[in-house]
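Dear colleague,

I am passing on the structure we spoke of, together with some notes on what I found when going through it. Please have it open beside you as you read.

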Amino acid sequence: MNYTSRLRPLFADIGFISLSALLLLFVQAILRAVLWARNPDLASGTPTTDLLWAFVVGLRFDLIISSYILLPLVLALLLPNGLGQRKLAKAWLIVTAAIVLFLGISEPEFYHEFHTRLNSLAIQYLKEDPATVSSMIWHGFPVVRYLLLWAVLVALFTWILVKADQLTRKFGRHYPAWWLRLPVFLICAFLIAWGARGTLRSGAPLRWGDAFHSQSLFANHLALNGTWSLARAAMGNKKKDAGKSWLKIMPAAQALERTRKLLLTPDDTLVLPAQYPVLRRHTPRPRLPVQPRNLVFIIMESFSGQFTGALGNDHGITPRFDELAKDGLIFDRFFSNGTHTHQGMFSTVACFPNLPGFEYLMQEPEGQHQFSGLPALLKPMGFEDVYVYNGAFNWDNQKGFFRNQGMTRFIGRDHMENPVFTDPTWGVSDQDMFDQALRELNRMPAEKPFFAVLQTLSNHTPYALPDPLPVSPVTGFGGLNAHLTAQRYADWALGRFFDEARKQPWYKDTLFMLVGDHGFGVKNQLSEIDLLRFHVPMLLLAPGIQDVYGKRVHTAATQQDIVPTAVSLLLGKPFTHQCWGRDLLSLPADDPGFGIIKPSGSDHTVAHFRGDRIVIKPPHGKAIAGRYQLYPTPSFTPDKEMPEKADMLADLKAYVSTAMHALLENRTGLPPAADAENP
């Protein structure tokens, strides 16, 4: 028997592996097409060539997944009988392909909601409360339809795989000797290793930044592979390691100096600077004509600035908020610090930034530290408190985190009195939450001041709303109709709350702060960080506020600025804090404002905006600079030669690095000496 004849069984197995590789690549291309088909609005305006090229670029990521799946089959070439009857090989391929298909079928809805490929956010959701997440998915999405599609694709994959097996059956009865198999195996092993790295370059293997081939964020995301990004997120504790890399990005002393220049205003004096990075004594500027006694934070779920009429985007979605804004002070260049509720919560109430690797701060061990937030500042002054929320406080560890910060009363879904509507996934409706909030505020002791946090929830997947609906459904926005109907309902419930609150004796003595916890994805993905997902309204309401401060503030700001701004208005006198934002109403006239923002999940992109300029720092590659515009038409204009780029990038690195040091060294709160200084 000649060598060719003896190698035929081996070549037959290699042929089967090769056809399996092509089949796996084909399947993942189909999944990419499904993602595109589910999100046509995000793809509109993107050149078709860029979208098609995403399939070519994506082959490299698909090849990584395919290579890992095929690795056991390649190793089997060393066995005396190779793949044998291929029963185990086919079973392995079907099971792994079914997993890839399941993830791929699940991902279009995930992307539609979060504008990111599968990542640690999906893992965290499932870890947090599988029952709640399962209920949300079942009630909010066409699960049966997707499961049927998954079953059809798995069946199709199995049928084609069987045909590939039949086409590549071994010729001859004897597998070649090891010394004939070994050279062939080494060649195949090299190809698998190359495929698993995704690149032949020296150094690091393929990274997510290699998918960014276009000016279109959607086209870049389309080139990625959801199974790959989810696997990367699940491997070890890399998100924290990536975050901690910021510790060494700049000398600590230099970073601290820059951060203090960013945060300190002419009205601030450092306190204990050797121990605490940004602890300072703040003296507010102008005072309200009538000093408020109480403070109410209202944090609105997914309340996007892009559909808020008072911000110039009047689509009839927020008529009640718009009415309130006529009597208040609205900030029209305001952004959330993250794109998930828990980031909005700790940034707004605890005034600490959303840092790379610590996006789930309320659930991390570091979340047990003390922060210079609302409870830390007001509880020592004798304020009563209450936190009212539609859902369960174990979600995102809200109760544990805020109880540790000093809050004492938590009113959740199980405490609501006679709710008109209860969603099995999340809890009661917004109108029920606001009704209960009125009861709780009316029960506050008259002799004591209070602060309250009210958090809405109805404007969240699966958008379960009362029936009959007290507002007309939104139409004309395609896939956003359900979302915007929920926002219109939340706005109605907000207005109803204020109708009743105005009748209460405590209303005239109360400062209200209204803000969105984050926005949501819209068609226009502004810049590489999808800036419009962060754009939210922020409104302050108090008697006489327009007489002192006007009706509108154009200063750029984020949720970290809320506590120092609100507490300054509430107290009207000096106080000590260590917030990572500033009193927006005490800034010099020429200060354009600034903010540091970061998306949820494994995306370690961080951005720093100053006025209308922004610098975006991806985890790999060069920083992106440019100018953004929110009104009248949102836009982003890249500017590689922007004069402020280097300085803004240095400030970004300094701020994140200093905050990271403070968090890991437990220097984020108020020391007892500073507590004593607060009157």
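**Gln-28 and its surroundings**

Leaving aside residues up to four places away in sequence, Gln-28 touches Asp-62, Ile-65, Ser-66, Val-100 and Asn-225. Please keep in mind throughout that this is a predicted model. Gln-28 itself lies in helix α1, which covers residues 3-38, and its relative accessibility is 4%, so that it counts as buried, the cut-off being under 20%.

The crossing in which α3 passes α4 is right-handed. On the α3 side the contact is made by Ile-65, Ile-69, Leu-70, Pro-72 and Leu-73, and on the α4 side by Ala-89, Trp-92, Leu-93, Thr-96 and Val-100; sorted by class, this contact has 9 nonpolar residues, 1 polar residue and no charged ones.

As for the protein chain as a whole, its secondary structure comes to 22 helices and 18 strands. Its radius of gyration is 28 Å, close to the 26 Å that the globule rule gives for 679 residues, so the chain is as compact as a globular protein of that length. The C-alpha trace spans about 100 × 60 × 45 Å along its principal axes, and buried residues make up 59% of the 679 residues. Among contacts with a separation of 6 or more, 75% are accounted for by residues 24 or more positions apart.

Methods. Residues numbered from 1 in each chain as written. Predicted model: local features only at pLDDT ≥ 70, side-chain atom pairs only at ≥ 80, totals over all residues. Heavy atoms only, no water. Left-handed = near helix turned anticlockwise from the far one by under 90°. Helix = DSSP H or I, 4+ residues; strand = E, 2+ residues; numbered from the N terminus. Contact = heavy atoms within 4.5 Å. Nonpolar A, V, L, I, M, F, W, Y, C, P; charged D, E, K, R; others polar. Buried < 20%, exposed > 50% of the residue type's maximum accessible area, 1.4 Å probe, protein only. Rg over C-alpha atoms; globule rule 2.2 N^0.38 Å.
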